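Q: I have a model to go through with you, and I would like to ask about it piece by piece. May we begin?

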Amino acid sequence: MQNHPDGLFDAGIMMLKGHGTEKNTTRARYYLEKAAKAGHKGAPGTLGYLELNENGNITGAVHYFNMSHNMGDTDATHNLAVIQSYYEAFDPDPYYAHKMFKIASGRGHKDATMVSAEQTMHGIHNLTGNCPEGLKYIKMLSSQSTLVTRMLREATQHFQSADYDAAALQYLVLAEAGVEVAQYNLAWLCQEFGSEMSIHIPDCIDRYFELSARNGYGPSQAWLGNKLWLKGELYESARCYAAAADQGSEEGLFGLGFFSKDGIPVGTVAVNTTLHYFGPQPNSTLTKELWFSCFYQGTEESVVGCGLPLLIYTMWTTP
């Protein structure tokens, strides 16, 4: 251990935390300083942490963090960025902080990547926002993070508190990682609250609804079915509705009902492994079957959205 960087560092940490030995900050500093001189990149950063939190010495902390940063330590780089952003006693420099966040991001620090994405998209001080460049950090964070459940929960909390920018940023990270529910939520957020968001995500609505649909998310497949219907691309629309129905989306069943109700010829379509033929003549029996299947799902949307049209249509077609 005498001259080995890792051994000296481990000894310092054990004494700092009191693991397997009596806690002794003075002896911990001794070994950490030796580890730093021996080339351990994390040792100066730990000394910087002690200076900042034990002594309140920001200048000393920055000195040590710079040492670790120059040796390639990711946490030290992030800590420098944080100090330059938030510690007023140190005369913050937002441009230097932004640079350090980007360096820490490039070294794989998730929090730094999140900050880099937000600052790049929004802009800071005299630097204007650059959304395409910000998306690069979003994609980088997607590859760094596996905390999907936590991020979905945080995004929902941001939405509930009407912090739509923060919610969109969280959903964007997950959307770029391929999480279909996040893709749908992001598209819906842009569609419903885009005018209340300060960040602009290019082609947000169409891009993320369509990505989610391709990934098999039922509500997005139904959305795509609606879009194709309005464009007059009825053959493709029917198959999107069928795919949505296969995923349990009541809107898929409801949409298909209009094809049989109005006699729109799109041929044979498989719905939940059952083949249905949609010919040029109205088929009230098939319409009622599809809408009843929708109603039978029992959700509030299906009971109201399909139950009421089913009742009216049944009364209208009954002799």
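This is a predicted model: local features need pLDDT of at least 70, side-chain atom pairs count only at pLDDT 80 or more; totals for chains, interfaces and linings use all residues.

Q: Which are the buried residues of helix α12?
A: In α12, which covers residues 204-214, they are Cys204, Tyr208, Phe209, Leu211, Ser212 and Ala213. A residue is buried under 20% relative accessible area, exposed over 50% and partly exposed in between, using a 1.4 Å probe and protein chains only.

Q: What follows α12?
A: Gly216 follows, with a positive phi near 90 degrees.

Q: Turning to α9 and α10, at what angle do they pack?
A: Helix α9 (residues 148-160) and helix α10 (residues 164-176) pack at about 155 degrees, and their axes are 7 Å apart. The axes are lines fitted to C-alpha atoms, for helices over the stretch in contact, and the angles run from 0 to 180 degrees between N-to-C directions.

Q: How are α9 and α10 therefore described relative to each other?
A: They are roughly antiparallel. Angles under 35 degrees count as roughly parallel, over 145 as roughly antiparallel, 65 to 115 as roughly perpendicular and the rest as oblique.

Q: Is the crossing of α9 and α10 left-handed or right-handed?
A: The crossing is left-handed. That word applies if the near helix is turned anticlockwise from the far one by less than a right angle, and right-handed applies if it is clockwise. Among the residues that make the contact are Met151, Ala155 and Phe159 of α9, with Tyr164, Ala167 and Tyr171 of α10.

Q: What lies in the loop between α9 and α10?
A: Ala162 is found in that loop. Ala162 has a positive phi of about 65 degrees, although it is not a glycine. For context, most residues other than glycine have a negative phi. Ala162 is partly exposed, with a relative accessible area of 45%.

Q: Which loop holds Thr273?
A: Thr273 lies between β3 (267-271) and β4 (274-278). Thr273 is not a glycine, yet its phi is positive, near 70 degrees. With a relative accessible area of 81%, Thr273 is exposed.

Q: How does α7 pack with α10?
A: Helix α7 (residues 110-122) and α10 pack at about 120 degrees, with axes 12 Å apart. They are therefore oblique to each other, and α7 passes α10 in a right-handed crossing. Met114, Glu118, Met121 and His122 of α7 make the contact with Asp165, Leu169, Gln170, Leu172 and Val173 of α10.

Q: And how do the axes of α1 and α3 cross?
A: The axes of helix α1 (residues 5-17) and helix α3 (residues 43-53) come within 11 Å and cross at roughly 25 degrees. The two helices are therefore roughly parallel, and the crossing is left-handed. Phe9, Ile13 and Leu16 in α1 meet Ala43, Thr46 and Leu50 in α3.

Q: A new topic, then: where does α17 bend?
A: α17 bends at Gly307 by about 25 degrees, and Pro309 follows within four residues. The bend is the angle between axes fitted to the seven residues ending at a position and the seven starting there.

Q: What is the reach of helix α17 from its first C-alpha to its last?
A: α17 (residues 300-317) has 18 residues and reaches 25 Å, close to the 26 Å expected at 1.5 Å a residue. The expected span is 1.5 Å times one less than the number of residues.

Q: Which residues in α17 are buried?
A: They are Ser302, Cys306, Gly307, Leu310 and Tyr313. The buried residues of α17 pack against α15 (250-262) and α16 (284-296).

Q: Lastly, is Val179 buried or exposed?
A: Val179 is buried, at 15% relative accessible area. Val179 is found in the loop between α10 and α11 (180-193). Leaving aside neighbours within four places in sequence, Val179 is in contact with Val148 and Leu174.

Notes: Residues are numbered from 1 along each chain as its sequence is written. Side-chain values use heavy atoms; hydrogens and water are left out. Contact means heavy atoms within 4.5 Å.
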